[in-house]
Amino acid sequence: MEVQLLVVEDCPNEAPAAVVLRRALDEVGLSTVRFTIRVVTGQTEAEQLGFLGSPSVLIDGQDPFAEPHHRPAMACRLYRDDAGVSGVPPIRPLRQALKRAADATAP
């Protein structure tokens with residue numbers, strides 16, 4: 001499983017998003033899975049990656065929070081859940097996405 005945290009340079013939510021991602025991985029039994037942090041440097045790269053704002057999580061190249069009406073952008077990203085709006089991915093759906101990906105790749 002390949003997990004990436006995509007950010008723009010100096011993203012104020014990079015560190016909190018990394019903490020949430022590590023916690024989610026650990027909580028679904030994927031403590032040995034490492035993730036990389038990739039700094040997206042321009043609009044062309046954002047479009048190639050499907051980068052919908054900083055921070056974004058890719059699991060095996062897919063953004064589990066992608067919505068069809070959003071376009072790639074060099075911008076901050078906001079996430080909505082039952083608790084409100086935040087600059088980091090909500091942990092519950094992140095855990096679910098990680099678990100689905102792990103189950104899909106299990107032998």
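Select strand β1, residues 3-7, together with β3: the two run antiparallel and are joined by four bridges. The model is predicted. Within this pair, pick L5; its bridge partner in β3 is V57.

Stay on β3, residues 56-59, and show the side chains. S56 and L58 point one way, V57 and I59 point the other way, and all of them are buried. In a regular strand, side chains alternate between the two faces of the sheet.

Next, select α1, residues 14-27. The helix has 14 residues and spans 20 Å from its first C-alpha to its last, close to the 20 Å expected at 1.5 Å a residue. Colour A17, A18, V20, L21, A24 and L25, the buried residues of α1. Viewed down the helix axis, the buried residues fall within an arc of 165°, so they line one face of α1. Turn to the other side of the helix, where A15 and V19 are exposed.

Now move past the end of α1. G29 follows the helix and has a positive phi, near 85°. Select V28, which sits in the loop between α1 and β2 (35-39). Is V28 buried or partly exposed? Its relative accessibility is 23%, so V28 counts as partly exposed.

Finally, show what surrounds V28. Apart from neighbours within four places in sequence, V28 is in contact with R95, L98 and K99. V28 and K99 are 71 residues apart along the chain, and their C-alpha atoms are separated by 6.3 Å.

Conventions: Residues numbered from 1 in each chain as written. Predicted model: local features only at pLDDT ≥ 70, side-chain atom pairs only at ≥ 80, totals over all residues. Heavy atoms only, no water. Buried < 20%, exposed > 50% of the residue type's maximum accessible area, 1.4 Å probe, protein only. Pairing = 2+ DSSP bridges. Contact = heavy atoms within 4.5 Å. Expected span 1.5 Å × (residues − 1). Arc of directions from axis to C-beta.
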